[in-house]
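Hi,

Here is the structure I promised to pass on. Have a look at it first, and then read my notes below.

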Amino acid sequence: MSPQLGATAGGEPGPHHDGSSLYVGEQTPTAGDRVPISVRVPRSAGVDSVWLRVVEDAEPRYLPATRGAPAGRADGGGPDAGEDWYTADVTVHNPVTHYRVLLDRGPAGYTWLNGSGEHAREVADRHDFRLTTYDPGPDWGPDSVVYQIFPDRFAKSRDRDRPDWAVPAGWDDPVVHVGPDTPLQYYGGDLDGIVEHLDHLTDLGATAVYLTPIYPARSNHRYNATSFDGVDPLLGGDEALARLTAAAHARGLHVIGDFTTNHSGDDHAWFTAARAGGPERGFYYFDGEPGASRPPGRDEYVSWMNHPSLPKFNLESAQLRDRLFGPGDSVVARWLRPPYDLDGWRIDVANMTGRYGPFDHGHDVARELRATLDAVRPGSALLAEHCHDYSADQIGDGGQGAMNYAGFTRPVWSFLTATDNGLGFLGMPQRIPRRGGPGTVATMRDFLASTPWKVALRHWNLLASHDTPRFRTVTGDPALVRVGIGLQMTYPGAPMIFAGEELGLEGVDGEHARTPMPWHRPESWDRETLTAFRELIALRRAHPALRTGGLRWVVETEDAIGFLRETADERLLVVAARAPWSGATLPGRLAAGPVQTCHGGVDLTVSERAVVVPGAGPGIGVWRLA
């Protein structure tokens, strides 16, 4: 494997560029704009000159970068700074402009700097930096702290008659998570119950609510909707949604719905009509019709992951697209309008939407969805569920970001997991592997580099969700939970908290994790975890660098990882340790003024020559250096 250069256990950070405003003069240029692109290079790196390799109409061109300190840098790039800045103007010719940095070392040859680091080898374009002309979405996206609610298990405002499909449960009954009763166990949470506890969300520091599906369905999860025409009466109906969004907006909270454009329930009115030969037949894939030959064992129609209760939509149908997400009276548009006023949508299994056999309408669907959101409710959010490599789909012309299982959840889990929890690894046939800092950082680098920067800032970084084990169960240690929270609140992207994580709830799989909130048992709450969430959310909100600043990795050891988050106005150092470690020594020039310990209670030792990070652990430390 060719080497990736740069600091590991501390020391001099290597040459650096990322897509933040510290290095890119215009985040959303238009065609023809000239955008200044800057690179910082330590003088000790032995670099003679810097070039940008810019791809225009699929052909690379080379632009020389000029040495000189760009205006407004936190350290000024002066003669004592120990580093130089290089800048070149890039003309935006294509909607997506790929570029990377060539570092010329004279007789020693050259290296490439791209989003995944510095490489002394040839590299593919996959991790190139990108300028795009696409609108990234609302400014509140990167500033968000998203709180996910599974309505049946959050809070109940009153008792209702049990539906005929349900297996009733008392609020303190154990969750059934294996067997046929799993989707049928009904606790009776509703939307007015959520309203009653919105102050808990604002006290925590959340700024957005993400609701899993709210349509009528014969299950507790409601992904097998029987209709999209109204809110499930078991949740309080349409009026309850209007009450919830009004109460949330009054508290400064955005509300995001959950919708699947991939499938309906098998008792949905459209599917019933389709099976009877109605015009809706073209909304689904039936055996013997174009593109719908079924594998052995499948029903006479195509369903999601071979689950007959979830027949898959055929988005070849223009009529179906219009009814699902067109700009008129579609499902997506209706609930964005008054009096319901949703602030956006999370799209369930977005990676599979519009894709089946020879058909691939994934990008078209995302762009059409985005166009409807922009037309009906400007400033609304569009997020994709994607559990794997989302890079091909997330360039910013459709969805604004993805649930970051691949680039955040997986690496953080493998860094902080207990060795003996026996848990599966997010759908894989293996258990969660325990990996050290270098492997963790390499994964996080790869996925951060795989989408444009302004998209990465809008990904949802999650430690757990309604589809995963609880993070407390993954780590087995409240101290490591707090390390994970620290990473979640300081890494690029918007934190997403599954309801109950802040109370220390546990669960061995996604269904088991859907535990009712213990509102009436406050003595069971993990107060240290709750305090950690509140303090670290407040820290994130207090420092713009933690929301939109650039990122430089400076510590990669077996048991500790660390990075800088930087804007033109501030620089913060974040170090996460899963165990006691050897500590690190960073250049003293990184501390451009009095150092402030922002979180963790451990002080740095700072001199003109060095910033010494102590090897305390497990724990998360955050310091303001400039």
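You'll find S317 in the loop between α5 (269-275) and α6 (318-325). Helices (H or I, at least four residues) and strands (E, at least two) are DSSP runs, numbered from the N terminus. Leaving aside residues up to four places away in sequence, S317 touches G282 and F283, where contact means heavy atoms within 4.5 Å.

Before you go further, two notes on where this comes from. This is a predicted model, in which local features need pLDDT of at least 70 and side-chain atom pairs count only at pLDDT 80 or more, while totals for chains, interfaces and linings use all residues. Residues are numbered from 1 along each chain as its sequence is written, and side-chain values use heavy atoms, with hydrogens and water left out.

**A strand with neighbours on both sides**

Next, look at strand β25 (residues 571-577). It is largely enclosed by the rest of the structure, because 7 of its 7 residues are buried. Both of its faces are covered: R571, L573, V575 and A577 are buried on one side, and L572, V574 and A576 are buried on the other.

Which strands does β25 pair with? One is β24 (residues 560-566), which runs antiparallel to β25 over 7 bridges; two strands pair if DSSP finds at least two bridges between them. β24 and β25 form a hairpin, with 4 residues between them. The other is β30 (residues 619-624), also antiparallel to β25, over 6 bridges.

Two peptide bonds here are cis. One joins P338 and P339, with omega about 5 degrees, and P339 sits in the loop between α7 (331-334) and β16 (344-348). Another joins G617 and P618, with omega about 0 degrees. D57 has a phi of about 50 degrees and lies in the loop between β3 (49-56) and β4 (59-64). V349 has a phi of about 35 degrees and belongs to the loop between β16 and β17 (355-356).

**The largest pocket**

On a 1 Å grid over the protein atoms alone, a cavity is a set of points where a 1.4 Å probe fits but cannot get out, and a pocket is an open set with protein on both sides within 12 Å along at least five of seven lines; lining residues have an atom within 4 Å of a point. Grid points are joined across faces, edges and corners, and a volume is the space filled by probe spheres set on the points.

The largest pocket holds about 1200 Å³ of space. Its lining has 36 residues, and W304, E385, D467, E511 and R514 lie nearest its centre. By class, the pocket lining has 13 nonpolar, 15 polar and 8 charged residues. Here Ala, Val, Leu, Ile, Met, Phe, Trp, Tyr, Cys and Pro count as nonpolar, Asp, Glu, Lys and Arg as charged, and the others, Gly among them, as polar.

**The cavities**

How many cavities of 30 Å³ or more does the structure hold? There are 9 of them. The largest cavity has a volume of about 480 Å³. It is lined by 35 residues, with H16, H17, D18, G115 and F129 closest to its centre. Several elements supply at least two lining residues each, including β8 (110-114), α10 (437-449) and β23 (550-556). The largest share, 4 residues, comes from β10. This lining has 15 nonpolar, 12 polar and 8 charged residues.

The second largest cavity contains about 200 Å³ of space. Of its 18 lining residues, A350, G362, A366, A384 and Q394 lie nearest the centre. Two or more lining residues come from each of α8 (362-376) and β19 (381-384), and α8 gives the most, with 5 residues. The lining divides into 8 nonpolar, 8 polar and 2 charged residues.

Technical notes
Buried < 20%, exposed > 50% of the residue type's maximum accessible area, 1.4 Å probe, protein only.
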